[in-house]
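The exercises below are to be worked with the sequence and the coordinates at hand. Each task is followed by a solution in steps.

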Amino acid sequence: MALYAELHRHLGGSVVPRILWGYLQKNHHPLVEQFSDYAAFEGFYTRPRNSLEEYLELHKLVEQVQTAETLPYFIYRLLRGAYVFENLAYLELRYTPYLRTDANLSQSERIDQVEKIVEIVHQASRTVEYPIVTSQILCLHTALPYDVNRAMVDVAANLSHAVCAIDLAGSDRLYGERMDEFVDLYRYAQSRGLKTTGHLYETPNGCHPDLLPYLMRIGHGIQIPLHYPERLPELARNQQCLEICPSTYLKTGALDDISQLKVVFDRCFEAGVDIAICTDNAGLHNVRLPFEYENLLTFDIISFEQLQACQDAAFRHAFAWRYGPRPATLLHDLLQDQRGVGNRLTASVLP
Ligand SMILES: [Zn+2]
């Protein structure tokens, strides 16, 4: 039985290198020519970058091959891997649908295609072969103009059967000058009944308290416990959950060493701030969710009890999980019942 909930995974960064390489080869993509073999491609695709901006460049590589026609191909393989290798029961998949529309069209024509892209992702996610409860988060993007971002908020609100929330993504160096605009978009999203998360306090450039009150969950947020711990009690009061993606910080250079996450977890637990452990870009990192868990245990950043608390928190803060506690509880209850029956039988045959 699948057991885990993944709250922060990008559709672009979730393509594992082997699947992307296979696709490029099958389609005789010119990119294949640049690499001598698969190992060279994997090395390029998964190596650490110097900054968040350099890291985000890789998304562009995947975005150009994720089109209306090819999205079902990638999503099927994503869900297959998530089910078989990661034991996911629940997955929120985030992406910027505008960036999957036809780049040869005008802005307004591309906006018209956004709904179609969201429906394609929705249909492709409903595979009965690998049953995982899924929903989409649409990412507003710092590289896109206000009108495009606002149109994506409208699509998110109109297609509530497929979309559970909005996010803000892209280079956080561009947040500052447009913060009023983004606050306005989040206010609008809330007025349309949408749930919210957002990449914030991920790097020193992304520390903008103005946006914090509009976020139900915070994408990363590690700079808060590291450098602004005085904000933690407010987060706890507002029941805002941090989506922590351990492998990301080493790939973007936000942290030098995974051990620096210990203070992040310790301060959040102490203040009563929930944490959901996530992968962010499992494909780019070549690290699946159970390995994120294992790494945190191996490096003594968290205990098994704390890991369980984070896994419970992920289901509690999931935007589209409507089935009560995490699925492991079902097994737990079944086992309790079985033991109860066993004990009653044993008692009845004893003299
Ligand atoms: Zn992210």
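## Exercise 1: Ile-244

Ile-244 has 26 C-beta neighbours inside 10 Å, so Ile-244 counts as buried. The model is a predicted one.

Task: locate Ile-244 in the secondary structure and list its contacts beyond four places in sequence.

Solution. 
1. Ile-244 belongs to strand E8, which covers residues 241-244.
2. Once neighbours within four places in sequence are set aside, the contacts of Ile-244 are His-220, Ile-222, Val-264, Ile-275, Ile-277 and Cys-278.
3. As a distance check, take Asp-167, which is 77 residues from Ile-244 along the chain; their C-alpha atoms are separated by 15 Å.

## Exercise 2: packing of H4 on H5

Task: classify the crossing of H4 and H5 and name the residues that meet.

Solution. 
1. Two packed helices are described by the angle between their axes and the distance between the axes.
2. The axis of helix H4 (residues 71-86) comes within 9 Å of the axis of H5, and the two cross at roughly 40 degrees.
3. This angle makes H4 oblique to H5.
4. The crossing of H4 and H5 is right-handed.
5. From H4, the residues Leu-71, Pro-72, Ile-75, Tyr-76 and Leu-79 meet Ile-120, Val-121, Ala-124 and Ser-125 from H5.
6. By class, the contact of H4 with H5 has 8 nonpolar residues, 1 polar and no charged.

## Exercise 3: packing of H5 on H6

Task: repeat the analysis for H5 and H6.

Solution. 
1. Helix H5 spans residues 107-125 and helix H6 spans residues 146-158; their axes come within 10 Å and cross at roughly 30 degrees.
2. Angles under 35 degrees count as roughly parallel. H5 is therefore roughly parallel to H6.
3. The crossing of H5 and H6 is right-handed.
4. Gln-107, Ile-111, Val-114, Glu-115 and Val-118 on the H5 side meet Val-148, Ala-151, Met-152 and Val-155 on the H6 side.
5. The residues of this contact of H5 with H6 divide into 7 nonpolar, 1 polar and 1 charged.

## Exercise 4: Tyr-95 and Ala-320

Task: determine the burial class of Tyr-95 and of Ala-320, then list the contacts of each beyond four places in sequence.

Solution. 
1. Tyr-95 lies in strand E2 (residues 88-95).
2. Because Tyr-95 has 28 C-beta neighbours inside 10 Å, Tyr-95 counts as buried.
3. Apart from neighbours within four places in sequence, Tyr-95 is in contact with His-10, Leu-11, Gly-12 and Cys-139.
4. Ala-320 is in the loop between H14 and helix H15 (328-349).
5. Ala-320 has 18 C-beta neighbours inside 10 Å, so Ala-320 counts as partly exposed.
6. Under the same exclusion of neighbours within four places, Ala-320 is in contact with Ser-135 and Cys-164.
7. Ala-320 and Tyr-90 are 230 residues apart in sequence, and their C-alpha atoms are 8.7 Å apart in space.

## Exercise 5: the whole chain

Solution. 
1. The chain has 15 helices and 9 strands.
2. Along the principal axes, the C-alpha atoms fill a box of roughly 85 × 50 × 40 Å.
3. Of the 351 residues in the chain, 43% are buried.
4. Among contacts with a separation of 6 or more, 75% are between residues 24 or more positions apart.

Methods: Residues numbered from 1 in each chain as written. Predicted model: local features only at pLDDT ≥ 70, side-chain atom pairs only at ≥ 80, totals over all residues. Axes fitted to C-alpha atoms, helices over the stretch in contact; angles between N-to-C directions. Helix = DSSP H or I, 4+ residues; strand = E, 2+ residues; numbered from the N terminus. Parallel < 35°, antiparallel > 145°, perpendicular 65-115°, else oblique. Left-handed = near helix turned anticlockwise from the far one by under 90°. Contact = placed C-beta atoms within 7 Å. Nonpolar A, V, L, I, M, F, W, Y, C, P; charged D, E, K, R; others polar. Buried ≥ 20, exposed ≤ 12 C-beta atoms within 10 Å, placed from the backbone.
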